[in-house]
Amino acid sequence: MTTHDWSREVDAGHLVEARRVAASLGDALRLHLALEVIAYADDEAWAMGHEGVVRVVVQGELVEVDDDGRGTDTRRDETGQVVRKPVMATRDVRFFDAPDAPLLPDGLPRRGMSIVSASSPLLRHTNRRSEGAWSQTYRHGVPDTHLREVEDRQRPGTTVAFVLPPGGRLDADRLRELASGFTHVTVSVTD
């Protein structure tokens, strides 16, 4: 199943809409962002047929979510350039604006990873796959660096580190409680 449009790296109009949706969440936003990231790891663990492991580290306004999944789909295009599935800057067609989007453990509908990226002043997405590892940073959903190869190939998986939007903090205890609602991953939260 196709979840994102691979034909473009950034959908600027969608990012504006994702920021609007994020702003409408008010105080629930910070927890919801972490749950959106964990939901992708939960999907991958289910698809791989095993229980996954997710480690969340909360350090003030910085949240890092690291999983042991397969890593974000990354391919070479017809010119040989490495391209990654554009999950951070395009609409997840399964969830965003879907009237029947599944609810995350906070009771809010799942929207997709772009809501995390669009509302974060800075986000770093690192993915590790059997064929390599890559990283890219975003500011409010827009890439501010090119996808670059990194040496972090110890194991497959994805790390999403993001700065929370201004105006509050993420309640690590409440995140621990809510994260237990995922069925295919074990989540540890450190603060």
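Reader: Which conventions apply to the model?

Author: The model is predicted, so local features need pLDDT of at least 70 and side-chain atom pairs count only at pLDDT 80 or more, while totals for chains, interfaces and linings use all residues. Residues are numbered from 1 along each chain as its sequence is written, and side-chain values use heavy atoms, with hydrogens and water left out.

Reader: What span should helix α1 have?

Author: Helices (H or I, at least four residues) and strands (E, at least two) are DSSP runs, numbered from the N terminus. The expected span of a helix is 1.5 Å times one less than its number of residues. For α1, residues 12-24, the 13 residues should span 18 Å, and the end C-alpha atoms lie 19 Å apart, which agrees.

Reader: Which residues of α1 are buried?

Author: Buried means under 20% relative accessible area, exposed over 50%, and partly exposed in between (1.4 Å probe, protein chains only). In α1, the buried residues are His14, Leu15, Ala18, Val21 and Ala22. They cover an arc of only 120° around the axis (taken from the directions from the axis to the C-beta atoms), which puts them on the same side of α1. Exposed on the other side are Ala12, Gly13, Val16, Ala23 and Ser24.

Reader: Which residues touch the most other members of the largest nonpolar core?

Author: A nonpolar core is a set of buried Ala, Val, Leu, Ile, Met, Phe, Trp, Tyr and Cys residues joined through side-chain atoms within 4.5 Å. The largest has 43 residues, of which Ile38, Val56, Val65, Val116, Phe162, Leu170 and Leu175 touch the most other members. Helix α2 gives the most to this core, with 11 residues. In α2, 16 of the 20 residues are buried.

Reader: How many salt bridges are found in the whole structure?

Author: Side chains of opposite charge can pair when their charged atoms come close. A salt bridge is a side-chain nitrogen of Lys or Arg within 4 Å of a carboxyl oxygen of Asp or Glu. The search finds 14 of them. One joins Arg128 and Asp66, with the closest N and O atoms 3.2 Å apart. Arg128 lies in strand β5 and Asp66 in strand β2, so the pair ties together parts that are 62 residues apart in sequence. Arg128 counts as buried at 2% relative accessibility, and Asp66 is buried at 9%.

Reader: Where do Arg174 and Glu177 lie?

Author: Both belong to helix α4, three residues apart, and are therefore separated by about one helical turn.
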